[in-house]
Amino acid sequence: MTLRKVAGLGALLSLLSPGLAVAQEATLNSGDTAWMLTATALVLFMTIPGLALFYAGMVRSKNVLSVMMQCFAITALMSILWFVYGYSLAFDTTGMEAGVTNFSSFVGGLGNMFLGNLTKESLTEAFPESVFVTFQMTFAIITPALIVGAFAERMKFSAMLVFMTVWFTLVYAPIAHMVWSGDGALMWDWGVLDFAGGTVVHINAGIAGLVACIVLGKRKGFPSVAMAPHNLGYTLVGAAMLWVGWFGFNAGSAAAADDTAGMAMLVTQIATAAAALGWMFAEWITHGKPSALGIASGVVAGLVAITPAAGTVGPMGALIIGLASGVICFFCATSLKRKLGYDDSLDVFGVHGVGGIIGALLTGVFAAPALGGFGEVENIAAQVWIQFKGVAFTVIYTAIVTYVILKVIDVVMGLRVSEEEESVGLDLAQHNERGYIL
C-alpha cells in the first residue's frame, strides 16, 4: 500500500491537482484494474464480516451485537470521512519536496476535499484513481475498527463515534501521509519500508488500543471474574475471513497483477501458517493444550507481522517472521498482559501492536537480497535503525495524541458506560437489542 514501488504501491497518485502527486502518463491496464477491484473488495471483506465476527465471538454474549455494530458504524463513518477530507490529508503533496522537512511532511493539505479533482478518467499507475481511492479507503476503515477490540464491552457508542472521527483525523491520516505519500514525507524520506501497513495500520491501532484500554480502565470484575469468549465458532470463521481477505491487503498493495503481488501472496501464506503453528505449540507447551482461540490469534499475528514485509522479503524470511510473531505475540497477549495488569479485552496491543513492531523491525533484516529479500537494502544494520525510528515515532506520536483525544472526550461527554449498563451488557444498554433470545 505504500507509494514506493519496491516497497508498495509504486509512485501512484495521478492527475489529482497542481500540488498533488502527478504520475507519469499511464495507460489503463484491464488486468491490473481487475486485480485491484478484487483486492479492494477483499480488504473490505476483512472488516465486514471478518473482523466483526472475529471480535463478536470473543466477547460475552451480552455484548456480541455491540462490537459488530461498532465495526459496521466505523465502516460507514470512515468511508464518508475519507471522501470528505481523509484522502486529501493522506495524499495531498502540496508543498512537499524530497529531503525537505516542513509542515507538509507531516500531513497533506485539503486540495482534494470531496474528491474534487477526481475524474472518471483519472489513472493511478495503470488502473482508475477511483479504485485507488476506494482501496485506500478500506485501509482507513479497518485501522480504527481494530482498536474496538481493546476497549470492547465498556465504551459508550456515542463516545466511540467521536473518538474514531478525531483519531482518524489527527492520527491515521497524518501517519499514512508520513509513510506513504512520497518524496518530502517524513518517514518516506527516512527510507522506512512499510509495504502494506505494519506501521500505518497495526502499530498505529495497537498503540491506540493500549492507551484506550488503560484510560477507560478495566472491565467490571477483571481479572477475577471469568470473561471467556462466548462463541469461538464466530471467532474461527472471522479469522478465516481475515486470512483470505489479507491477500487483498498484501498482494493488492503491489498495485498491479505482477510478480510482486505473486510473491506477496506466497510470503503472506507462509508467514501466517508459521505464526499459527508457533502460537499453537507455544501454548501447548506452556498450558498443556492447544486452543482454537490460540491458533486463531496466531493466524492474525502472522498476518500482521508479514504486512510491512510482504513486498520485500522472500519465503525464508517470511517463515522466520511468522514463527517469531506467533511465539512472541503469544507471550505478550498472555504473560505480559497478566504481569502488567492492563485490560486489553481482545488483545489488540498483544497481537497488532507487538506483531506490527516485530514485522517492521524484521523487514529491515529480511528485505536484504543477501538474506533472500527483494528490497534495496545493502546495509542491514542501517535499515533496521531506520525501521526502528519509524516504529518509535509512530508509537510516541500515536500514544500521546490518542491519550489527549480520549481525555478531552472523557471531560466533554464521558467515555464509559455506567456500571449498571456494563452489567446488563452493551447490546441492550446501548442498542436496545439482544444477540440471542433468552
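Colleague: What is the relative accessible area of Phe 114 in this model?

Modeller: Burial is read from relative accessible area with a 1.4 Å probe over protein chains only: buried means under 20%, exposed over 50%, and partly exposed in between. Phe 114 has a relative accessible area of 47%, and is therefore partly exposed. Before going further, note that this is a predicted model in which local features need pLDDT of at least 70 and side-chain atom pairs count only at pLDDT 80 or more, while totals for chains, interfaces and linings use all residues. Residues are numbered from 1 along each chain as its sequence is written, and side-chain values use heavy atoms, with hydrogens and water left out.

Colleague: Where does Phe 114 lie, and what is its phi?

Modeller: Most residues other than glycine have a negative phi, and most peptide bonds are trans. Phe 114 has a positive phi, near 55°, and lies in the loop between α2 (64-91) and β1 (123-124); helices here are DSSP runs of H or I with at least four residues, strands are E runs of at least two, and both are numbered from the N terminus. Asp 347 also has a positive phi, near 60°; this residue lies in the loop between α10 and α11, and counts as buried because its relative accessibility is 18%.

Colleague: How many residues of helix α11 are buried?

Modeller: An α-helix has 3.6 residues a turn, so residues three or four places apart point the same way. In α11 (residues 348-366), 16 of the 19 residues are buried, and the helix is mostly covered. From first C-alpha to last, α11 reaches 25 Å, close to the 27 Å expected at 1.5 Å a residue, where the expected span is 1.5 Å times one less than the number of residues.

Colleague: How many cavities of 30 Å³ or more does a search of the whole structure find, and which residues line the largest?

Modeller: On a 1 Å grid over the protein atoms alone, a cavity is a set of points where a 1.4 Å probe fits but cannot get out, whereas a pocket is an open set with protein on both sides within 12 Å along at least five of seven lines; lining residues have an atom within 4 Å of a point. The search finds one cavity of 30 Å³ or more, and about 60 Å³ of space lies in the largest cavity, a volume being the space filled by probe spheres set on grid points joined across faces, edges and corners. Its lining includes Phe 54, Tyr 55, Met 58, Asp 347 and His 352, and α1 (30-58), α9 (292-306) and α11 each supply at least two lining residues.

Colleague: How much space lies in the largest pocket, and how do its lining residues divide by class?

Modeller: The largest pocket holds about 710 Å³ of space and is lined by 26 residues, of which Met 227, Leu 293, Ala 333, Lys 337 and Asp 347 lie nearest its centre. The lining divides into 13 nonpolar, seven polar and six charged residues; Ala, Val, Leu, Ile, Met, Phe, Trp, Tyr, Cys and Pro count as nonpolar, Asp, Glu, Lys and Arg as charged, and the others, Gly among them, as polar. Helix α10 gives the most to this lining, with five residues.

Colleague: How many disulfides does the structure hold?

Modeller: A disulfide is a pair of cysteine sulfur atoms within 2.5 Å, and this structure holds zero of them. Cys 213 is in none, its nearest cysteine sulfur, that of Cys 332, being 14 Å away; Cys 213 is buried, at 2% relative accessible area. The sulfur of Cys 332 lies 6.4 Å from the closest cysteine sulfur, in Cys 329, which is too far for a bond, and Cys 332 counts as buried at 14%.

Colleague: Which domain feature does UniProt place at residues 34-436?

Modeller: The unreviewed UniProt entry places "domain: Ammonium transporter AmtB-like" there; UniProt positions follow the numbering used here, feature names are shortened, and annotations may be inferred rather than shown by experiment. Over residues 34-436 the model is 68% helix and 1% strand, with the end C-alpha atoms 40 Å apart.
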